[in-house]
Structures are given as structure tokens and as C-alpha cells.
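I open this notebook to record what I looked up in one structure.

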Amino acid sequence: MLGLERMFNVPNRITLDDLHDMVDALSSALEAKNAHMCGHSQRVAELSLLMAQRIGLSPIEQERIHIGAHLHDIGKIGIPDVILNKPGKLTDSEFAIIRQHPEIGGQIVSKVKVFHSVVDIVRHHHERFDGKGYPDKLCGTEIALGARIVSVADAFDAMISMRSYRPPLNVSEAMVEMERFRGSQFDPAIVDVLRRLVNNNELECINYGELLTG
Ligand SMILES: [Fe+2]
Ligand SMILES: [Fe+2]
């Protein structure tokens, strides 16, 4: 056993950096299958971390949210590529299949002991503040704070990224949309945190390329 551990270079203790490498590898595997997702998990993770810092959460909670955000869409591994990569509008039944990804993701991460603490983030990142989300129709603060943060980061990143069926929004257009769903889809307090980051030009540290100049 010891020999094997040495062969795989298993450290005595897994550090946060090791854990981060693992989740980065997992989300890169997902994104390699889906061209439009390129870099999405990483940007959502960076933005979620930034918001967790601004809210003043403890460093441990910040890192937990960062790791959970990296893994938020990992359940899409279980969704057929033809649906994930379909150009144009999805049918109702295809949409229903896509909507299974938070549950699948929750099951995947619950199989790894070190990821147990992020199951709530992965499973609940598509809940809505008004209780109309999925999979569990949780409402308001019933939804874990980490999941509420990732939900805002996820939607914002999706809006300003290129998708096969529409061009990207610029940051101010995306903020109009975020404000429109403030309090219904999103936790209003988290939208306020995002707005402050945008107004203070604090998103430049995230790899948005040319998107932020728009
Ligand atoms: Fe998702
Ligand atoms: Fe996502």
C-alpha cells in the first residue's frame, strides 16, 4: 500500500491546493465535452469567492464556496452531449433532462468524502429565492448561502458568455437582467454585492477577457 501511495505521489495530508487541483481537473473534463462551457466553472468559482469575501464570510467558508462553485455543474457529465451541445432551443423533455444535473451532481460529489461539505452548493445552485427553482423548491434562506452565491455568479457568467443561440450581453445589460430577477430568482443581498463589485470595477481579476470592455 505504501509503495502504491508513493507511486501516485499521495501526500500524507491532502491540502487545499490538492483539493483545488482535483476539482479543477474534474470541471475541465466536463468543459472539454462542451465548447460553450469553456472556462465557465472557473469564472463562476472566482466570482463566487470574490462575493464570499465581500460578504465577510470566514476564510474556511470562502474556500468551501470556491470549491463548491468549481463543481456546481459537474452533474452535466451525466447529461447526453446531444442535448448539452444542441444549437437552438431545447424541447420541454430535453429541458427536463438538463434540469436533472444538480441532483446528479449532488450524488456525484456525495460519493467523495472530502466533497461532502459542498453537496448543498451543487444540489441547490438552481433553486430560486422565491421557491420556484429546482430540484427541491427551497425558498429564501432555506437555500444554503453558498448555493445562493453560486446561483448569482452562474447566471451572470452565463449572460456575459457566448452561447450558440445568442450573442453575449455586456456587463451593464447583464446587470439590468440581474436586477430584474433580484428577489425572485436571486437573493437580493447577493445581487447588491455583485452590483458593488461591478460598479467598483472589481471584476477585472476574473478571466473575462474582452467581455468587461463592453
Ligand atoms: Fe447548473
Ligand atoms: Fe453553470
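Entry 1. I began in the loop between H8 and H9, where Lys-137 lies. I note that the model is a predicted one. The phi angle of Lys-137 is near 50 degrees, a positive value in a residue that is not glycine.

Entry 2. I turned to the segment after H11, where I found Asn-201. Asn-201 is not a glycine, yet its phi is positive, at about 50 degrees. Asn-201 has 9 C-beta neighbours inside 10 Å and therefore counts as exposed.

Entry 3. I next examined how two helices pack. Such a pair is described by the angle and the distance between the axes. For helix H9 (residues 145-160) and helix H11 (residues 188-199), the axes come within 9 Å and cross at roughly 50 degrees. H9 is therefore oblique to H11. I recorded the crossing of H9 and H11 as right-handed.

Entry 4. Which residues make the contact? From H9 I listed Arg-148, Ile-149, Val-152 and Phe-156, and from H11 I listed Ile-190, Val-191 and Leu-194. In this contact of H9 with H11, six residues are nonpolar, one is charged and none is polar.

Conventions:
Residues are numbered from 1 along each chain as its sequence is written. Chains are lettered from A and ligands numbered from 1 in the order in which they are written. This is a predicted model: local features need pLDDT of at least 70, side-chain atom pairs count only at pLDDT 80 or more; totals for chains, interfaces and linings use all residues. Axes are lines fitted to C-alpha atoms, for helices over the stretch in contact, and angles run from 0 to 180 degrees between N-to-C directions. Helices (H or I, at least four residues) and strands (E, at least two) are DSSP runs, numbered from the N terminus. Angles under 35 degrees count as roughly parallel, over 145 as roughly antiparallel, 65 to 115 as roughly perpendicular and the rest as oblique. A crossing is left-handed if the near helix is turned anticlockwise from the far one by less than a right angle, and right-handed if clockwise. Two residues are in contact if their C-beta atoms, placed from the backbone, lie within 7 Å. Ala, Val, Leu, Ile, Met, Phe, Trp, Tyr, Cys and Pro count as nonpolar, Asp, Glu, Lys and Arg as charged, and the others, Gly among them, as polar. A residue is buried if 20 or more other C-beta atoms lie within 10 Å of its own, exposed if 12 or fewer, and partly exposed in between; C-beta atoms are placed from the backbone.
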